[in-house]
Structure formats: C-alpha cells, structure tokens
Amino acid sequence: MANAGEVNPLIPDSEDEGLFSSSSDSEEDFSIPVASVTELRIEKTPTGAIIYATGLASRQGAFDVRLDLNEDSEENTLEYSFRAVYPEYATPAGTDFSRTLRVAQSLTHQDLAGVNLVRVSSESNARETRR
C-alpha cells in the first residue's frame, strides 16, 4: 500500500493538465480555407449521415484537413468551412491530382434535426445539397 504522503508521477498536479485537458482551446488555429470545393455528397447511415467533401488545395503539402462548423449559419442550414493547414515552407503547386483533398464528417440524427440545407464553402466557391 502507498503512503498518503507519496505522489504518483503519472497523475497530473492540477485538473488543467493531463490526458483529458482541453489544451486545443489555447492552441492557435493556422488553418485557412482550401482553394475550392469540387464535390459534395451525403450518404445516409443507420445513425444519421456522413458528409463527404472533395476539394483542391492551392499548393501541395496541405494537412490537418477538416470541416469547421460555422456557428453563424442560417436557420435550418448546416454550413461548414473546408479548411487545411499548409507547411510554413514553400511547396510547388503541382498537378490537380497532387492537390486533391478529401474529408468526411459524421452527423447524428440529432445533428440533422430540422436541417434542410448542408453547405460546404471554400476560398472561392461553395457546394450545397438539400435534404
């Protein structure tokens, strides 16, 4: 048995540290909208739906691709921004194939309740689909 005075080095000293802390809130977001959205489709699932989006980056090397929900979207609309992070160093533009990005977002029936329109926007365009 451990003494009450012993400290376990695997347990964080405060609630702000550790595995379940929300350090992502304090991290700076370096993502920017991708150049364009080229495809948008939604497939129904037993628990809701999955949004699939394909886009074109402005240059090669994009990573951390995601759909960020726009909280200020209109009523009955789910609006996402198709975003990615680019390397700090210069990368070539390359071919369209080498700059193609794909992302998916899972939604529950509760997320889709009352939604009539799903829109994914980029730097230069937007694609949308009605339910």
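The largest pocket holds about 230 Å³ of space; a pocket here is an open set of points on a 1 Å grid over the protein atoms alone, where a 1.4 Å probe fits, with protein on both sides within 12 Å along at least five of seven lines. The volume is the space filled by probe spheres set on the points, which are joined across faces, edges and corners. The model is predicted, with local features needing pLDDT of at least 70 and side-chain atom pairs pLDDT 80 or more, while totals for chains, interfaces and linings use all residues. Residues are numbered from 1 along each chain as its sequence is written, and side-chain values use heavy atoms, without hydrogens and water.

Lining residues (an atom within 4 Å of a point) include Leu 40, Arg 41, Ile 42, His 109 and Arg 131. By class, the lining of this pocket has four nonpolar, four polar and four charged residues; Ala, Val, Leu, Ile, Met, Phe, Trp, Tyr, Cys and Pro count as nonpolar, Asp, Glu, Lys and Arg as charged, and the others, Gly among them, as polar. At least two lining residues come from each of S2, S3, helix H1 (109-112) and strand S8 (126-130), and S2 gives the most, with five. Helices (H or I, at least four residues) and strands (E, at least two) are DSSP runs numbered from the N terminus.

Turning to the sheet, three strands in the order S2-S3-S6 form an open, antiparallel arrangement, where pairing requires at least two DSSP bridges between two strands. Strands S2 (36-45) and S6 (100-108) each have a single partner strand and stand at the edges, so one side of each is left without a neighbour in the sheet. S2 and S3 (residues 48-56) pair over nine bridges, and a hairpin joins S2 to S3 through two residues.

Arg 41 belongs to the pocket lining and has Tyr 52 in S3 as its bridge partner. The charged end of Arg 41 also sits over the ring of Tyr 52, 4.3 Å from its centre (CZ of Arg or NZ of Lys within 6 Å of the ring centre and within 35 degrees of the ring normal).
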